[in-house]
Amino acid sequence: MSRVSPRHPRAESLRIRERLVDGFRAGFVVPEGLSAHGRGEAFDYIIGERTTAQASKAVRAAVAKLLLAKRPVISVNGNVAALVPDEVVELADTVGAKLEVNLFHGSAEREVRIAKYLREHGAKEVFGIDRKFSTKINEIHSDRRKVDKRGIAAADVVLVPLEDGDRTEALRKLGKKVVAIDLNPMSRTARAADITIVDNVVRALPLIISEAKKLSRLDRAKLHKIADGFDNTKNLRAMVGLISRRLKKISR
Ligand code: ATP
Ligand code: MG
């Protein structure tokens, strides 16, 4: 049961925070994850806490990319597990993607907890836990470079709902196509990705799933048309434009 009154004007935003705090207490969200969420919230506040038409366009392109992929992988960190556990599992099933626990603040214990939580939410297989299959991305010079040989290391398309800029850039250097979900259209992640959905993961994931169910009926030529016709620079410019118009309106 939520501790937030439904009459509170910011009830939804507070409920999302509660989920993160619960994840923190359960030991799979780190304190840094809570503040990273705060950065996202600030952008969400300005955007109006809704999915924009521009974000919906990015969702369509992202889904086409995922459906065309040979080895798609969804990268899951603590915040993602806390916010959208059912949705990442359902999306993996819908587009035939693998799930991999991949943490910025890595710890074997936390990885195992997140994998267990995803299994409780229906995941059959979760990569990123078994040391036997662990390999390293040379482009990243820290303990954050570990990936699974069967997962991200072998992937052609990686969905990163909430990621750090360094790692997104490293995935691109490895030749992966990256789909990011990030509320900040100016972040390095947003700029490095091939397709950036500027929206809250809690709204974006359900939309991606319903779009995947629709687009899975299309043939590959049509999917290519949708994916290839998407220009991420234009997309991010449009989102920055929207934010600046909103700020002008609010400050009037
Ligand atoms: P970058 O490393 O890409 O330049 P950053 O250092 O500003 O970004 P990080 O802490 O690395 O930020 O990553 C957190 C990112 O996730 C931020 O850009 C933030 O806006 C975004 N974010 C946080 N919570 C959400 C959410 N619920 N939905 C979508 N995006 C979010
Ligand atoms: Mg960062």
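How many salt bridges does a search of the whole structure find?

1. The search finds 20 salt bridges, each a side-chain nitrogen of Lys or Arg within 4 Å of a carboxyl oxygen of Asp or Glu. One of them joins E111 to K146, with the closest N and O atoms 3.4 Å apart. This pair links distant parts of the chain, 35 residues apart: E111 lies in helix α6 (residues 108-120) and K146 in strand β4 (residues 146-148). Helices (H or I, at least four residues) and strands (E, at least two) are DSSP runs, numbered from the N terminus.

2. The model is predicted: local features need pLDDT of at least 70, side-chain atom pairs count only at pLDDT 80 or more, and totals for chains, interfaces and linings use all residues. Side-chain values use heavy atoms, with hydrogens and water left out, residues are numbered from 1 along each chain as its sequence is written, and chains are lettered from A and ligands numbered from 1 in the order written.

3. Around ligand 1 there are 18 residues, of which D164, G165, D182, T189 and N200 come nearest; a residue is near if one of its heavy atoms lies within 4 Å. Helix α2 (31-47) and helix α8 (188-192) each supply at least two residues of this shell, and α2 gives the largest share, four residues.

4. A polar backbone atom of R188 is 3.0 Å from a ligand oxygen. These are polar contacts (N or O atoms within 3.5 Å).

Note on methods. A polar contact is a pair of N or O atoms within 3.5 Å; within protein, one must be able to donate a hydrogen and the other to accept it, and residues adjacent in sequence count only if both atoms are side-chain atoms.
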